[in-house]
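Please look through the sequence and the structure shown here before reading on.

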Amino acid sequence: MRAAPFQAQLLAPGAPTGDAGAAAFETVLNVADLPPGAMRRVTRGDLDLLLAHTPSGIVAVEDRCPHMSAPLSVGALDGCVVSCPLHEGRFDLCSGDPVRMPTTGGLDPDGVYHPTWSPAGLPPKTDPPGLKAEARRLTRVRRFRYYPVRIQDGRIEIALPR
Ligand code: FES
């Protein structure tokens, strides 16, 4: 089942804040420290967050690739699309969907299998033997988990779970 559609958090005072539920908003960064096109990693306790300033606004997700949890904050942001440095997966922060499956292949968020692939100019990848191939084949790319964002007095606040 597909998750609820993502609502981009707009970078404007008084913009909709999303449903924070039982979470509490906490200042994580100044707006000036996240210019358009920038990404930052922010850690609170054992939670690593990725803040990204996309054309649709500022979004906050866990700083974990939806594939195998690599930190996306060391990847690259192009518009809404963040690239993972580990297996070359690309993911749309504004829709939550994968744009390009990882080189290892595996299952997309809907459970559809995608084979391994190689970047242009490189020889075809061969699957590792045995259980490793099985693990890659069954690894499912997830959709992002979003955290509500609001802007207050030049500060970015995120609703963090208590
Ligand atoms: S961990 Fe990001 S594409 Fe594999």
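This is a predicted model: local features need pLDDT of at least 70, side-chain atom pairs count only at pLDDT 80 or more; totals for chains, interfaces and linings use all residues.

## An enclosed cavity

Rolling a probe the size of a water molecule over the atoms shows where empty space is left.

The residues that line the largest cavity are C65, H67, M68, S69, A70, C84, L86, H87 and P102. Sorted by class, this lining holds six nonpolar and three polar residues, while charged residues are absent from it.

One of the lining residues, H67, is placed in the loop between β4 (57–62) and β5 (76–78). Is H67 buried or exposed? Its relative accessible area is 8%, and because buried means under 20%, H67 counts as buried. Its side chain forms a polar contact of 3.2 Å with the side chain of H87, and H87 is also among the residues that line the largest cavity. When neighbours within four places in sequence are left aside, the residues in contact with H67 are H87, F91, P102, T104, G105, T139 and V141.

A polar contact of 3.2 Å links the side chain of T104 to that of H67.

## Two nonpolar cores

How many residues does the largest nonpolar core have? This core has 17 residues, and those with the most contacts inside it are V28, L34, L49, L51, I156 and I158. At least two residues of this core come from each of the strands β1 (24–30), β3 (47–54), β4, β11 (149–152) and β12 (155–160).

L34 is one of the residues with the most contacts inside the core, and its surroundings can be listed in more detail. Beyond its neighbours within four places in sequence, L34 is in contact with L29, M39, R40, L51, A52, H53, I58 and I156. There is also a second, separate core, which has 16 residues, including V61, A70, V82 and L93; of these, A70 is also part of the lining of the largest cavity.

R41 lies in strand β2, which covers residues 39–44. R41 counts as partly exposed because its relative accessible area is 41%, a value that falls between the limits of 20% for buried and 50% for exposed. Two polar contacts of its side chain can be described: one joins it to the side chain of D48 at 3.0 Å, and another joins it to the side chain of D63 at 2.8 Å.

Not counting residues up to four places away in sequence, R41 touches D48, L49, D63, P71 and S73. L49, in turn, is one of the residues with the most contacts inside the largest nonpolar core. Between R41 and L29, which are twelve residues apart in sequence, the distance in space is 10.0 Å from C-alpha to C-alpha.

## Two positive phi angles

E88 is not a glycine, yet it has a positive phi of about 65°. This residue is placed in the loop between β6 (81–83) and β7 (90–92), and it counts as partly exposed because its relative accessibility is 34%.

D153, also a residue other than glycine, has a positive phi near 50°. The loop that holds D153 runs between β11 and β12, and D153 counts as exposed because its relative accessibility is 72%.

## The chain as a whole

What helices and strands are there in the protein chain? There are one helix and twelve strands, and along the sequence they follow the pattern β-β-β-β-β-β-β-β-β-β-α-β-β. The protein chain has 162 residues, of which 41% are buried. Among contacts between residues at least 6 apart in sequence, 52% join residues that are at least 24 apart.

Methods: Residues are numbered from 1 along each chain as its sequence is written. Side-chain values use heavy atoms; hydrogens and water are left out. On a 1 Å grid over the protein atoms alone, a cavity is a set of points where a 1.4 Å probe fits but cannot get out, and a pocket is an open set with protein on both sides within 12 Å along at least five of seven lines; lining residues have an atom within 4 Å of a point. Ala, Val, Leu, Ile, Met, Phe, Trp, Tyr, Cys and Pro count as nonpolar, Asp, Glu, Lys and Arg as charged, and the others, Gly among them, as polar. Helices (H or I, at least four residues) and strands (E, at least two) are DSSP runs, numbered from the N terminus. Buried means under 20% relative accessible area, exposed over 50%, partly exposed in between (1.4 Å probe, protein chains only). A polar contact is a pair of N or O atoms within 3.5 Å; within protein, one must be able to donate a hydrogen and the other to accept it, and residues adjacent in sequence count only if both atoms are side-chain atoms. Contact means heavy atoms within 4.5 Å. A nonpolar core is a set of buried Ala, Val, Leu, Ile, Met, Phe, Trp, Tyr and Cys residues joined through side-chain atoms within 4.5 Å.
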